[in-house]
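Subject: Structure handover

Hello,

Here is the structure I promised to pass on. Please open it first, then read my notes below.

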Amino acid sequence: MITVEEYKQLKAFARIDGAILGGIMCGTFFAFIASLSNMTWQLVYLLGIIAVPVFVAMRVRNYRDNIVRKRVSFRRAAAYSMHCFGYSSLILAIVMYVYFQYFDQGMMLTSLRNYFSMPEIQEAMKIYGVDKSIFDDQLTVMSSLRPIDVAFSMISNTLFAGLGCSLLVAIVSRRTPKAVNN
């Protein structure tokens with residue numbers, strides 16, 4: 001069981017790492033937006049998706065090795081990771097709200113409609129047996145969402161995905177710190 005002081009320390013360091021993680025997630029979001037009109041951004045978007053859990057795992061290990069400098073339990077590692085995801089989800093939600101409220105003006109939905117209208121995508125949908133009306137219905141529902149709805153949805157999605165990543169990071173992270181150089 002950790003003390004109150006150790007818990008405050010955990011939250012303080014998780015806030016800093018969560019802010020950095022929020023920046024990575026925002027960059028990934030903007031790479032996704034850019035990839036709708038320029039396919040070369042898809043690589044950056046995919047690298048951003050991969051970078052999120054890798055970054056969290058690195059920061060959990062840094063917390064264990066340089067801050068705590070002793071054995072960290074599974075629960076503590078998972079809590080640190082989940083706090084990072086919690087703080088970053090708030091940053092991402094605020095950025096997404098501002099983007100969709102003031103800057104997007106329906107560009108993302110137009111880009112998605114254009115993407116699903118491309119002949120290559122139409123052919124792939126036929127091969128996989130996907131009906132285009134499903135995507136049209138989903139885009140219609142997405143167009144009815146307010147920016148605040150999208151932001152709240154992103155918070156819940158990020159927290160849910162963060163829970164899974166946190167459990168994996170806590171499992172993968174070694175319980176004992178690396179040798180500390182004096």
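The notes below go from the overall fold to the core, a helix pair and the salt bridges.

This is a predicted model, in which local features need pLDDT of at least 70, side-chain atom pairs count only at pLDDT 80 or more, and totals for chains, interfaces and linings use all residues. Residues are numbered from 1 along each chain as its sequence is written, and side-chain values use heavy atoms, with hydrogens and water left out.

Overall fold

The protein has seven helices and zero strands. Helices (H or I, at least four residues) and strands (E, at least two) are DSSP runs, numbered from the N terminus. Along the sequence the pattern reads α-α-α-α-α-α-α. The C-alpha trace spans about 60 × 35 × 25 Å along its principal axes. Of the 182 residues, 34% are buried. Buried means under 20% relative accessible area, exposed over 50%, and partly exposed in between (1.4 Å probe, protein chains only). Take the contacts with a separation of 6 or more: residues 24 or more positions apart account for 81% of them. Contact here means heavy atoms within 4.5 Å.

The core

The largest nonpolar core has 34 residues. Such a core is a set of buried Ala, Val, Leu, Ile, Met, Phe, Trp, Tyr and Cys residues joined through side-chain atoms within 4.5 Å. L21, F29, Y80 and F100 touch the most other members. Two or more residues each come from helix 1 (4-35), helix 2, helix 3 (74-104), helix 4, helix 5 (119-128) and helix 7 (147-172). Helix 3 gives the most, with nine residues. Leaving aside residues up to four places away in sequence, F29 touches L92, M96, Y99 and F100.

Helix 4 and helix 6

The axes of helix 4 (residues 107-117) and helix 6 (residues 132-143) come within 11 Å and cross at roughly 175 degrees. Axes are lines fitted to C-alpha atoms, for helices over the stretch in contact, and angles run from 0 to 180 degrees between N-to-C directions. The two helices are therefore roughly antiparallel (under 35 degrees counts as roughly parallel, over 145 as roughly antiparallel, 65 to 115 as roughly perpendicular, the rest as oblique). Helix 4 brings M108, L109, L112, R113, F116 and S117 to the contact, and helix 6 brings K132, F135, L139, T140, M142 and S143.

Salt bridges

How many salt bridges does the structure hold? It holds five. A salt bridge is a side-chain nitrogen of Lys or Arg within 4 Å of a carboxyl oxygen of Asp or Glu.

- K70 lies in the loop between helix 2 and helix 3 and E6 in helix 1, so the pair ties together parts that are 64 residues apart in sequence. K70 is partly exposed, at 42% relative accessibility.
- D17 sits in helix 1 and R59 in helix 2, 42 residues apart. D17 is buried at 3%, while R59 is partly exposed at 25%.
- R64 is buried at 3% relative accessibility, and D65 is buried at 11%.

R64 is found in helix 2 (residues 41-68). Its C-alpha atom is separated by 8.1 Å from that of A77, 13 residues apart along the chain.

Best wishes
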